[in-house]
Amino acid sequence: MAVDELVDHITSEVRAVIGARSDWLEAPHPVEASEVRRFFQALMDPNPRFWDTEHAAGTRYGAVVAPPGFPVHAFRRPADEMADSLAAAGDPDFDGVSRAMRLGLPKLPIPLSGILNGGYEYEFFSYPKVGDRIQCRSAYLDIYQKQGKAGPMVLVVIEDEYRTADGRPLLKSLNTMIMR
């Protein structure tokens with residue numbers, strides 16, 4: 001039996017962060033029509049509810065809306081943040097911008113540096129409208145360890161909730177991260 005197989009990464013410090021929840025954080029700016037256009041074009045879904053104000057006014061939404069997955073992408077680097085997101089590109093362990101660390105959640109005290117996306121589950125409630133302010137909060141729902149062929153892996157289940165600033169629910173996502 002390899003030494004890695006005997007390591008239990010779920011320490012009392014790790015168990016202490018299960019259930020930790022961030023405060024509600026607001027996206028740097030409201031939903032903008034140009035962002036919605038780029039998003040629905042990337043999805044290749046030209047539904048008029050995403051761009052035609054006259055059409056959208058006659059729908060049950062009453063205004064132009066963004067596709068349901070849009071809130072996740074509303075949390076980008078603010079315009080006044082000058083840090084280059086590619087500055088770490090020279091680091092051999094850097095694999096791009098990651099959603100692995102959620103703002104407002106404590107850093108996981110786990111000495112595993114590899115992170116793999118284990119998948120997402122989404123529950124959609126309503127469409128964000130142009131002009132809406134989007135808020136998000138995150139929570140560690142569960143953290144547990146399994147034994148893989150290459151050694152131990154820690155699975156971290158994170159719930160992200162998105163709503164408008166006036167409290168209208170937009171979507172909920174569950175993300176499973178695999179640390180190795």
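This is a predicted model: local features need pLDDT of at least 70, side-chain atom pairs count only at pLDDT 80 or more; totals for chains, interfaces and linings use all residues.

**Fold and rings**

I read the elements from the N terminus on as α-α-β-α-α-β-β-β-β. That is four helices and five strands, taken as DSSP runs (helices H or I, at least four residues; strands E, at least two) and numbered from the N terminus.

Residues are numbered from 1 along each chain as its sequence is written, and side-chain values use heavy atoms, leaving out hydrogens and water.

Next, I looked up ring pairs: Phe, Tyr and Trp (its six-membered ring) with centres within 6.5 Å, stacked if the planes are under 30 degrees apart, edge-to-face if over 60, tilted for the rest. I get six aromatic pairs by this rule. Tyr61 and Tyr127 pair edge-to-face, at 4.8 Å between centres and 70 degrees between planes. They sit 66 residues apart, Tyr61 in the loop between α4 (53-57) and β2 (115-124), Tyr127 in the loop between β2 and β3 (134-148).

Are Tyr61 and Tyr127 buried or exposed? Both are buried (under 20% relative accessible area; exposed is over 50%, partly exposed in between; 1.4 Å probe, protein chains only).

Tyr120 and Tyr122 are stacked, 5.7 Å centre to centre with 10 degrees between the planes. I find Tyr120 partly exposed at 26% and Tyr122 partly exposed at 40%. Ring pairs join Tyr120, Tyr122 and Phe124 into a cluster.
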